[in-house]
Amino acid sequence: MTDTTSTERTGSCLCGGLRYRITGPMRDVLDCHCIRCRKATGHHIAASSARIVDIHLDAAATLTWFHPHDDPNVAYGFCSTCGASAFWTHGGLDTWSVCAGLLDDTSGMVTAEQWWISTAGEYVHLADDIPAFETQPGSSAEAAPPS
Ligand SMILES: [Zn+2]
Ligand SMILES: [Zn+2]
């Protein structure tokens, strides 16, 4: 997985309560169709990632973190006013996943992998040309090759 070229990127939620700048390299986008990401976002999460030290919150009054009851170390960051999904992280990581839809400019970014296709909604159109995994890479479950 390659880092997307490092250029400053800005992002914001629909209501503007959350605005940020990212000044470091960003990872390719991963789609995660796990049940938690489905329930948290209403669809699936499509997230890049950046180091926390490179994420500068210019407005964050409405940023709220939700910890799933079955894993309190996981955190979904969302806007408490407009409901936009913004971030995901796990205790101990030095990165935040960054929901790609909030970025103002996604030029040069690509979707690199599809995770948890075993729990994707039947309505989802999975991409044939993007590596897909039954769960996620590195898990005990067998990874599904791209079809
Ligand atoms: Zn908002
Ligand atoms: Zn997920």
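Is Arg9 buried or exposed? Select Arg9 and display the accessible surface: Arg9 is buried, with a relative accessible area of 6%, where buried means under 20% relative accessible area, exposed over 50%, and partly exposed in between (1.4 Å probe, protein chains only).

**Conventions**

This is a predicted model, in which local features need pLDDT of at least 70 and side-chain atom pairs count only at pLDDT 80 or more, while totals for chains, interfaces and linings use all residues. Residues are numbered from 1 along each chain as its sequence is written, chains are lettered from A and ligands numbered from 1 in the order in which they are written, and side-chain values use heavy atoms, with hydrogens and water left out.

**The whole chain**

Colour the chain by pLDDT, the predictor's confidence in each residue, from 0 to 100. The mean for the protein chain is 92, and 90% of its residues reach 70 or more. Now select residues 141-147, where pLDDT stays under 50 and for which the model has 11 contacts beyond four places in sequence; a contact means heavy atoms within 4.5 Å.

Switch to a cartoon coloured by secondary structure. The protein chain has 1 helix and 12 strands, assigned as DSSP runs numbered from the N terminus (helices H or I, at least four residues; strands E, at least two). From the N terminus on, the order is β-β-β-β-β-α-β-β-β-β-β-β-β. Of the 147 residues of the chain, 41% count as buried. Among contacts between residues at least 6 apart in sequence, 52% join residues at least 24 apart.

Return to Arg9, which is found in strand β2. Two strands pair if DSSP finds at least two bridges between them.

Zoom in on β2 and β3 (residues 18-22), which pair in the antiparallel sense over 4 bridges. Here Gly11 stands opposite Tyr20 in β3.

**The seven-stranded sheet**

Select β8, β9, β10, β11, β6, β5 and β12. They make an open sheet of 7 strands in the order β8-β9-β10-β11-β6-β5-β12, with mixed pairing. At its edges stand β8 and β12 (111-115), each with a single partner strand, so one side of each is left without a neighbour in the sheet. Neighbouring strands here are turned by 30 degrees against each other on average, direction ignored.

Within this sheet, look at β5 (residues 29-32) and β6 (residues 45-51), which run antiparallel and are joined by 3 bridges. The bridge partner of Asp31 in β6 is Ala46.

Move to Asn73, in the loop between β8 (63-66) and β9 (74-79). Asn73 touches Thr89, His90 and Gly91, not counting residues up to four places away in sequence. At 48% relative accessibility, Asn73 counts as partly exposed.

**The nonpolar cores**

Of its 19 residues, Leu18, Tyr20, Ile22, Met26, Phe87, Val98 and Leu102 touch the most other members. The elements that give two or more residues to this core are β3, β10 (85-90) and β11 (95-99). The largest share, 3 residues, comes from β3. Apart from this core lies another, of 12 residues, among them Cys34, Tyr76, Ala112 and Trp115.

**The zinc site**

Which residues coordinate the zinc ion (ligand 2)? Select Cys32, Cys34 and Cys37: their SG atoms coordinate the ion at 2.2 to 2.3 Å. Donors are N, O and S atoms within 2.8 Å of the metal (3.2 Å for Na, K and Ca); water is not among the atoms, so sites may look incomplete. The donors follow the spacing C-x1-C-x2-C along the chain. Both Cys32 and Cys34 are buried.

**Last stop**

Finally, select Trp116, in the segment after β12. Trp116 has a positive phi of about 60 degrees although it is not a glycine. At 26% relative accessibility, Trp116 counts as partly exposed.

Key. Core = buried A, V, L, I, M, F, W, Y, C linked by side-chain atoms within 4.5 Å. Axes fitted to C-alpha atoms, helices over the stretch in contact; angles between N-to-C directions.
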